[in-house]
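Visitor: I have a model open and want to talk through it. Can you take my questions as they come?

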Amino acid sequence: MKEYEFKILIKSPTHIGSGKEGLTLDAEIVHDDLGFPYIPGKRVKGLLYESALEMAEIFSYVEGTKIQDVEKFSVEKVLDLFGQHTGSDSKIRVDNFYLENYSELRDDIINIRTMFPGIFTLEAVIQKYTTIRSQTAIDVETGTAKEGSLRKIRLLNEDIKFSGTVTYLGNDETEKKICENILNMACLNLRRMGQQRNRGFGKVKVSFENMKITVVKSCGETKDMKNNYARKQAAMKNSKAKKGKNKRH
């Protein structure tokens, strides 16, 4: 078993939705009982899985066993690590991600509330870390806002840091190294999280202790691989579409 301390830096306004609404708010973020925002571990694990899977698929188009000093890994290895095979258990556990110094912040707020009731309400706490944005849908015919389309969502502010623990649950040393390699590339590839990423929201930087900084040198190459992968995927879709048309004719 091995624990890794992960960090998430919010680099643009981000919406980690709770699925809840308020009287004046259409989309709330996840927060605790005092108003401190956090990121559920289940969501982080899902994002790491998707990111690792994408890298494994990209690696499948690259010859050789290494890219600079990075060992390639297969889709099967990713599925195995995240417990995606039928009847298999995940080999990693991802805890919730909380603000840095979270325990101390909670203790301070609880103590202040005890001495001065009514100060630092839940709303006051959450406002320190967030902003509220208003959005509307535009009617393409009139060029004006659609009636009833106004929505207000809460967003995490930039430069907020979260930390959490990812635990490798096995005892095999070779498997642990594979786990570290997969997590390493998943972090480098993971650039956004949360909702409405197509509007510029959700830019993040994810890292963890023992992360191979030298891998950053491969980012340019990784970008080229992703572009090549996207082109091949598009070509495959076009080929399938043409075959479908030929069958109909």
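Visitor: How many helices and strands are there in the chain?
Guide: The chain has 6 helices and 10 strands. Helices (H or I, at least four residues) and strands (E, at least two) are DSSP runs, numbered from the N terminus. This is a predicted model, in which local features need pLDDT of at least 70, side-chain atom pairs count only at pLDDT 80 or more, and totals for chains, interfaces and linings use all residues. Residues are numbered from 1 along each chain as its sequence is written, and side-chain values use heavy atoms, with hydrogens and water left out.

Visitor: What share of the residues is buried?
Guide: Of the 249 residues, 37% count as buried. Buried means under 20% relative accessible area, exposed over 50%, and partly exposed in between (1.4 Å probe, protein chains only).

Visitor: Which residues have the most contacts inside the largest nonpolar core?
Guide: They are F6, I8, L48, V78, F82 and F162, in a core of 52 residues. The largest share of this core, 10 residues, comes from helix α1 (residues 41-59). A nonpolar core is a set of buried Ala, Val, Leu, Ile, Met, Phe, Trp, Tyr and Cys residues joined through side-chain atoms within 4.5 Å.

Visitor: What is F82 in contact with?
Guide: Leaving aside neighbours within four places in sequence, F82 is in contact with K45, L48, Y49, A52, S90, I92 and I182. Contact means heavy atoms within 4.5 Å.

Visitor: Back to α1. Which of its residues are buried?
Guide: Among them are G41, V44, L47, L48, Y49 and A52.

Visitor: New topic: R154. Is that one buried or exposed?
Guide: R154 is buried, with a relative accessible area of 3%. The residue lies in strand β8 (residues 151-156).

Visitor: Which side chain does R154 make a polar contact with?
Guide: The side chain of E28, at 2.6 Å. A polar contact is a pair of N or O atoms within 3.5 Å; within protein, one must be able to donate a hydrogen and the other to accept it, and residues adjacent in sequence count only if both atoms are side-chain atoms. Not counting residues up to four places away in sequence, R154 also touches others, including T14, H15, E123, I126 and Q127.

Visitor: And α4, which residues are buried there?
Guide: In α4 (residues 122-129), V125, I126 and Y129 are buried. They cover an arc of only 90° around the axis, so they sit on the same side of α4. The arc is that of the directions from the helix axis to the C-beta atoms.

Visitor: What covers them?
Guide: The cover includes β6 (97-99), α3 (102-115), β7 (130-135) and β8.
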